[in-house]
Amino acid sequence: MNVIFAGTPDFARVALERLLAAGFTVPLVLTQPDRPAGRGMKLQASPVKQCALEHGIAVAQPRSLRLDGKYPDEAAAAQAAIAAAGADAMVVAAYGLILPQWVLDAPRLGCLNIHASLLPRWRGAAPIHRAIEAGDAETGVTIMQMDAGLDTGDMLLVEKTAIAPADTTATLHDRLAEMGGRLIVQALEQAAHGGLAATPQPAEGVTYAHKIEKAESSIDWRQDAARIARRVRAFDPFPGASTALGTDAIKVWRCEIDSCPRLLDKREGQILHIDDDGITVACGEGTALRLTVLQRAGGKRLAAADFLRGFPLQPGQVLG
């Protein structure tokens, strides 16, 4: 089976590698244009492009696929490349561009999307982050037949996984990427033999996972400890949960809810207690949080005891 692949980040790279390992022919890869990255801000190819080039696969990087849009020449070139590929299906995973109808209609079996949530919950750009932030007990991967809506297509395969109390977006991302790669191979193999059934998404339970913005990283100590802890996990590795002491920025990477909070008549964000196990901070609704892994601007992630050796703190100081 000939399969066009459209994707950009590591989540998508895993799926492309699984398709190639399973013996599918991938004549064309679509991915986002190279972006500046790193301290030198040099142009860097996406993980999917790097994988494609390693396997000698043709790569197209249009800025848009709309023939009537801002970059019609790039869209027309992509259209010609897609037509020439003669693909049976297109697999899409975290591509980053909206697919117009002509793309959805181009392959014989249409476009199949690997989505990292249990649809219809968490349609949109950041389903892994939002599931952790909301305190969901489980998530998973949905293989979806794409249509013109935003993650509204029929479900083809679904698999669930529990969200562990210690899961971060990084750990859950890796687990779901492996699951997605395995499921898309299964979906295409079933489709090749006519055994893939489509199920419409339920009308109830629709939620939207809006894109993560850097501005969300700031910790609001007026929130209760459980909510802050979820956001710390959800924003690891990006954008990180941040606070400040005066002009010094501090990122919090690990924390625990303090089961025996102290001095909760104090101001939210106030440091209550410090020891080798962490820095206990007052939060909203009479709760407290112990910060166990922190990072100064330009520094490394450090356990609290090591962090405090280079950045001494005192009870009574107020963060935020």
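## Reading the labels on this model

Tutor: Pro237 lies in the loop between α7 (225–234) and β12 (241–245). The model is predicted.

Student: What makes the peptide bond from Asp236 to Pro237 stand out?

Tutor: The bond is cis, with omega near 20°.

Student: Which residues does the other cis bond, with omega about 0°, join?

Tutor: That cis bond joins Phe238 and Pro239. Pro239 is also found in the loop between α7 and β12.

Student: Now phi. What makes Trp122 worth a look?

Tutor: Its phi is near 65°. That is a positive value in a residue other than glycine. Trp122 sits in the loop between β7 and β8 (123–124).

Student: How do you know whether Asn113 is buried or exposed?

Tutor: Asn113 has 7% relative accessibility. Under 20% is the test, so Asn113 counts as buried. Asn113 belongs to strand β7.

Student: What does the side chain of Asn113 reach?

Tutor: It reaches the backbone oxygen of Val92, at 3.0 Å. The limit for a polar contact is 3.5 Å, so the distance of 3.0 Å falls inside it.

Student: Which residues is Asn113 in contact with, leaving aside its neighbours within four places in sequence?

Tutor: Val92, Ala93, Thr142, Ile143, Met144, Met146 and Asp151. Contact here means heavy atoms within 4.5 Å.

Student: How far is the C-alpha atom of Asn113 from that of Asp147?

Tutor: They are separated by 9.9 Å. Along the chain, the two residues are 34 residues apart.

Student: What does Ile143 touch, leaving aside its neighbours within four places in sequence?

Tutor: Its contacts include Leu112, Asn113, Ile114, Met155, Leu157, Ile184 and Ala187. Ile143 is also one of the residues with the most contacts inside the largest nonpolar core. Phe5, Ile114, Ile184 and Leu188 are the others named there.

Student: Why is that set called a core?

Tutor: Because its members are buried residues of nonpolar types, joined through side-chain atoms within 4.5 Å. The largest such set has 44 residues. Its largest share, 9 residues, comes from α6. Another core, of 24 residues, lies apart from it, with Ile219, Ala229, Cys255 and Leu308 among them.

Student: Why would such side chains gather?

Tutor: In soluble globular proteins, nonpolar side chains tend to be buried together.

Student: How much space lies in the largest pocket?

Tutor: About 1,800 Å³. The pocket has 49 lining residues. Closest to its centre are Pro9, Ala94, Tyr95, Gly96 and Ala125.

Student: Which elements give two or more residues to the lining?

Tutor: β7 (111–115), α5 (127–134), α6 (169–192) and β11 (208–209). α6 gives the most, with 4 residues.

Student: How do the lining residues divide into nonpolar, polar and charged?

Tutor: There are 28 nonpolar, 14 polar and 7 charged residues. Gly counts as polar, so Gly96, one of those closest to the centre, takes that label.

How values were computed
Residues numbered from 1 in each chain as written. Predicted model: local features only at pLDDT ≥ 70, side-chain atom pairs only at ≥ 80, totals over all residues. Heavy atoms only, no water. 1 Å grid on protein atoms, 1.4 Å probe; cavity = no way out; pocket = protein on both sides within 12 Å on 5 of 7 lines; lining within 4 Å. Points joined across faces, edges and corners; volume = space filled by probe spheres on them. Buried < 20%, exposed > 50% of the residue type's maximum accessible area, 1.4 Å probe, protein only. Polar contact = N/O pair within 3.5 Å; in protein donor to acceptor, adjacent residues only side chain to side chain.
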